[in-house]
Amino acid sequence: MAGWAAFDINQHGQAQQHFGHALKLAKAGDDSLTGVQALTALARQAIHLEQPAWAVWLARAAADTARRADAPPRVMSFMLNKEAWATALRARSAGTLDVHGAREAEPTSGPQPDPDEKGRVRRPER
């Protein structure tokens, strides 16, 4: 709570200290999901401050920790969302983000099959 209060008033050094302290306490208490929350807060701060390398590193650490902790799907989707934001920030900063090219690469020939839980696309049976 204190970290977000500091974040909201642009006291980012203080916010980082609070989030970092929360991460240390989560590790000491062997509470992986609280650690995930602290890493995600740090990633969000890095995104806000346009620090793409840190944002990606922190978001991936949060997602990896969430996976190891068998986080519920809602938590995983939140972690992966932060990782996507951080990756987009890094691509934009590097000048490699091509939104128009991505739109052109979208399939236009009807609905596509949804991937299963492991990311494999199942083709409809004939």
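I began with the largest nonpolar core, which has 23 residues; Leu-58, Ala-66, Met-79 and Ala-86 touch the most other members. I noted that α1, α2, α3, α4 and α5 each supply at least two residues of this core. The most comes from α4, which gives 8 residues. I keep in mind throughout that this is a predicted model.

Next I looked up what Leu-58 meets. Leaving aside neighbours within four places in sequence, I found Leu-58 in contact with Leu-39, Leu-42, Ala-43 and Ala-46. For background I wrote down that nonpolar side chains tend to be buried together in soluble globular proteins.

I then turned to helix α5. The helix runs over residues 73-94, 22 residues in all. I read a reach of 31 Å from the first C-alpha to the last, close to the 32 Å expected at 1.5 Å a residue.

Which residues of α5 are buried? I listed Met-76, Met-79, Lys-82, Glu-83, Ala-86, Leu-89 and Ala-91. I noted the general rule that an α-helix has 3.6 residues a turn, so residues three or four places apart point the same way. For the cover over the buried residues of α5, I recorded that α3 (32-48) and α4 (52-68) are included. Just after α5, I found Gly-95 with a positive phi of about 75°.

I also looked for positive phi in residues other than glycine. Asn-10 is one of these, with phi near 60°. I placed Asn-10 in the loop between α1 (2-8) and α2. I placed Glu-50 in the loop between α3 and α4.

Last, I examined the largest pocket. I noted a volume of about 260 Å³ for it. Which helices each supply at least two residues of its lining? They are α2 (12-28), α3 and α4. The lining residues I wrote down are Leu-23, Ala-26, Lys-27, Asp-30, Asp-31, Ser-32, Gly-35, Leu-39, Thr-65, Arg-68 and Ala-69. I sorted the lining into 4 nonpolar, 3 polar and 4 charged residues.

Note on methods: Residues numbered from 1 in each chain as written. Predicted model: local features only at pLDDT ≥ 70, side-chain atom pairs only at ≥ 80, totals over all residues. Heavy atoms only, no water. Helix = DSSP H or I, 4+ residues; strand = E, 2+ residues; numbered from the N terminus. Expected span 1.5 Å × (residues − 1). Buried < 20%, exposed > 50% of the residue type's maximum accessible area, 1.4 Å probe, protein only. Contact = heavy atoms within 4.5 Å. 1 Å grid on protein atoms, 1.4 Å probe; cavity = no way out; pocket = protein on both sides within 12 Å on 5 of 7 lines; lining within 4 Å. Points joined across faces, edges and corners; volume = space filled by probe spheres on them. Nonpolar A, V, L, I, M, F, W, Y, C, P; charged D, E, K, R; others polar. Core = buried A, V, L, I, M, F, W, Y, C linked by side-chain atoms within 4.5 Å.
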